[in-house]
Amino acid sequence: MNRRGAQDYGLDDQRAALTPSTTSHTVQVPVDVYFSTYQSDILLSARETEDLISWVEDELKKAKTLNTKSWRSLEPITEKIHDLCLSWNKKKNTTKLPRRTTRLICRPNHEIASEAGRGSMKTDARFVLMESRDGGDVDDKKVETCDIAGVMEAKLQMRDRGTNEDDLVVAISHILFNDPSRRFVLSFTVEGNMMRFWYFSRSHIAVSAEFDYHANPRDFIRFIIFMMFSPLERLGYDPTVIQVRDENKQVQYQFTVGNKKYQTVRCIDESNAVDIITRATRVWAVQELDTNNRPIGKTKVLKDVWLYIDARSEKDIYNEIFGALEKLDKIGVPPDQRPPTRLPDATIAEDAKQYFITIEQDVPVWINGQVDTTAAIPDGAVEFCYTRLPLQVAVESGRGYTQDNVPAPPVAAAKKSPAYPHTQRKHRRIVFAEECQSLYTVDDYGDFTLGLAQLVYGLGYMRLAGFIHRDISPGNCLLYMEDRHIKISDLEYARRYDSQCESPVPRIGTPGFMAVEYQALRHRFMPRPTYPKYKSIQDVMEKEEEEEKQAQSSWFRFNFLHDLESVLWILLSHLLTTVPSCLYADNQDTVKRHQAVLRLYDQLFDGSLKGSVERREFIQDIDTPHMARFIEAADVLEAFYEKANASSLCQVMRAFRYLVRGCYVKVESTAPCAIAGQTSPYWDPVHFKHKFYSELHNLFMTMHHAMVGVEYRAAKRLEDAPPPAAAHNQVAPTSDPGPSQPRKRHAEASTLNQKGTKKPRIGVRPAEDAVQQETTTKAKRAAASRPRRARPVAPSKRVLRSAKQIK
């Protein structure tokens, strides 16, 4: 299987695994609490375990095995511990110790191969399985990631503590990403004589308090015995996932879902599993297997995900949506208040099912008769601070990472955490009946715009059921290629519109496609208060700033229009980052002209959770200098699509923006309803008319008819393209000065007098117009750097004819 490696998802720098999300979910616990929570003794009774550890400790002290300063001696020490365990087992005349599962090898210069595309790692030492998960014995010189049960990082000096932590987090990130059968990983680090134990899961990271394993080897012996004799599921392996080889000798995986078994065909997406603390969503194309492990039926889709412990399943939300639609069938809905039916004599619920992906199974993962969950954070855990601050790594809607390597000073080892907010996660698997294609990968404008038109009607059915999606993005809007129909997926964040919580709203979804109001947690199209005319402008501005500070995030409610606005951002993101294939052909002139469009994309889709100023001004149509970038990009796009016989595309895009803003004004100009016990604004669902959805659908169909058959490709960025700020000001960025440039600038500055003109040199008459030339030069530079104030360009009347009907 051609899986993509972590580097393909943007992790070119291995140290980028130490992300802020990782460091903010790390706790420190005492050593005894670590063992009772993450490595409880289940091999022997408590008395027998203590007897075994004491006997091994005495034998090691007699042989003076632990009194060494070389961490490479840990490998023979662990072998000695194994031999002593067997001797104790024989001495007690018992067979309670199970068969050995792992062994520790120290090979710091040997790379560990990756099953997922390119990428590898190195560790100082590792616990490898006695029998490979891929079949056969494990080769010490060529170890696969699936055979790594745990890792060790060791340094001789305490000053290398930060390096140990960085290397360990990178190694664990590599293991959890490359091996889909890993649930958690146990590891340890050594700095001099000090040792710490680590637990890595998808919900949090736990590290024990450090101790001197020379002076107190009992905990070290306990850890080694656990790692050597524990079954695979106690070491973090998932017994419901089996690694196999297909007829082409490619690595595949067999997943057990309920009472059925599926084998992967290819990996669709696993970018969310790159980080450690995450939902770790993996999507696979699979085929169902019969009792003889032979594939049957058509290809389906399997999603493996770690949800919060209290999260509702997609299947339950799906059933609740269609239960509400079935009730509407009994009550009756006027035809002008619902999307038109495609199926003759179909009920509302039956017709709505074509807009949603079919969920065949949605079940938890069971391990040894229990639902698979991450360990709970024990009482008394404190927040752990890494020696080095994390690198700032931002995720951009699953499209990659941006790195900012900034060195940071060391911080304290640990500090008190009064109430840790993290929660457990549960492991679930969902099987979908249709294998679809996300809008990210659709390469035909006609199919793309048709899918968006159908998506609007799908959201219209959710409005009828009284549900909001809250995570509309190209990855959650799938196109079923057999009948060219959109399928809405990922309903885990969907909620009833009238049952939202009153606490500060957590922003959920993909930042690039969130509604502007949702990012600001504020309704921006409500009528603003009027102030007396005798008040000054400064008083009015201070009053507005005071009201904004007093506005709480609880006075916000996600509504149906916010889902519709996400469709606009999907369209805009697509138009700004693609070019018709018939025009591209690596034409440098086309590439250079399209940089203005990409600069607008960088401003609107900056990946921040709160959104950019340009993004807010774009949707609100505020007359500011930032709108000049949109006008410039629109002119370039219109020129491109005119050559592709689709010049009306940008006109429709502008009309769509005006129409969305008009819907906001239409709804928020009415007074919100009052609900007992709730303070957030609630507009009656009757204000969200079906006319909004039908008008937007018609605009998308206009785009579809203009773009049928036009293929596109991703736009190319120039390596020497100026950053957005420099391009906006029309001034080239200043390059970093070389070693001789500062002295040169200092020499030039020393020849200037207080008026800004050069001092006259001896024997040389200064020019009479020197001051005038200098003043003129400054004026020209200021004029060139001043942004041009531009007016928003309205779409044509022909395209806006239908949009005006709702105003």
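Two strands count as paired if DSSP finds at least two bridges between them. Helices (H or I, at least four residues) and strands (E, at least two) are DSSP runs, numbered from the N terminus.

**Entry 1: ground rules**

I am working with a predicted model, where local features need pLDDT of at least 70, side-chain atom pairs count only at pLDDT 80 or more, and totals for chains, interfaces and linings use all residues. Residues are numbered from 1 along each chain as its sequence is written, and side-chain values use heavy atoms, with hydrogens and water left out.

**Entry 2: confidence**

I looked up pLDDT (the predictor's confidence in each residue, from 0 to 100). The protein chain has a mean of 76, and 70% of its residues reach 70 or more. Which elements have the lowest and the highest mean pLDDT? Strand E19 (residues 401-404) is lowest at 30, and strand E21 (residues 425-432) is highest at 96.

I also noted two stretches under 50. Residues 720-781 stay under 50 in pLDDT, and the model gives them 36 contacts (heavy atoms within 4.5 Å) beyond four places in sequence. Residues 783-807 are below 50 as well, with 51 contacts beyond near neighbours in sequence. A reminder to myself: where pLDDT is low, the predicted coordinates should not be read in detail.

**Entry 3: the seven-stranded sheet**

I traced an open sheet of seven strands in the order E9-E10-E11-E12-E13-E21-E14, with antiparallel pairing. At its edges I found strand E9 (241-245) and strand E14 (359-364), each pairing on one side only. From one strand to the next, the twist averages 35 degrees.

I then went through some of the pairs.

- Strand E10 (residues 251-257) and strand E11 (residues 260-269) run antiparallel and are joined by four bridges; glutamine 254 stands opposite glutamine 263 in E11.
- The hairpin of E10 and E11 has two residues between the strands, and glycine 258 takes a positive phi near 65 degrees there.
- E11 is joined to strand E12 (residues 282-289) by seven bridges, again antiparallel, and threonine 264 faces valine 286 in E12.
- Strand E13 (residues 295-308) and E21 run antiparallel with eight bridges between them; here aspartate 304 stands opposite arginine 429 in E21.

**Entry 4: the three-stranded sheet**

I found an open, antiparallel sheet of three strands in the order E22-E24-E25. Strand E22 (437-438) and strand E25 (485-488) are the edges and have a single partner strand each, so one side of each is left without a neighbour in the sheet. Strand E24 (residues 477-480) pairs with E25 in the antiparallel sense over four bridges, and leucine 479 stands opposite isoleucine 486 in E25.

**Entry 5: helices across the sheets**

For angles I kept the convention in view: axes are lines fitted to C-alpha atoms, for helices over the stretch in contact, and angles run from 0 to 180 degrees between N-to-C directions. Helix H7 (residues 314-331) lies across E13, E14 and E21, at about 135 degrees to E14. Helix H9 (residues 445-465) lies across E24 and E25, at about 50 degrees to E25.

Ala, Val, Leu, Ile, Met, Phe, Trp, Tyr, Cys and Pro count as nonpolar, Asp, Glu, Lys and Arg as charged, and the others, Gly among them, as polar.

**Entry 6: two further helix pairs**

Helix H2 (residues 31-38) packs with helix H6 (residues 218-229) at about 15 degrees, with axes 11 Å apart. H2 and H6 are therefore roughly parallel to each other. Val31, Tyr34 and Phe35 of H2 make the contact with Asp219, Arg222 and Phe223 of H6. These residues divide into four nonpolar, no polar and two charged.

Helix H12 (residues 560-577) and helix H15 (residues 613-620) pack at about 110 degrees, with axes 13 Å apart. H12 and H15 are therefore roughly perpendicular. I listed Glu565, Leu568, Trp569 and Leu572 from H12, and Arg615, Phe618 and Ile619 from H15, as the residues in contact. They divide into five nonpolar, no polar and two charged.

Methods. Angles under 35 degrees count as roughly parallel, over 145 as roughly antiparallel, 65 to 115 as roughly perpendicular and the rest as oblique.
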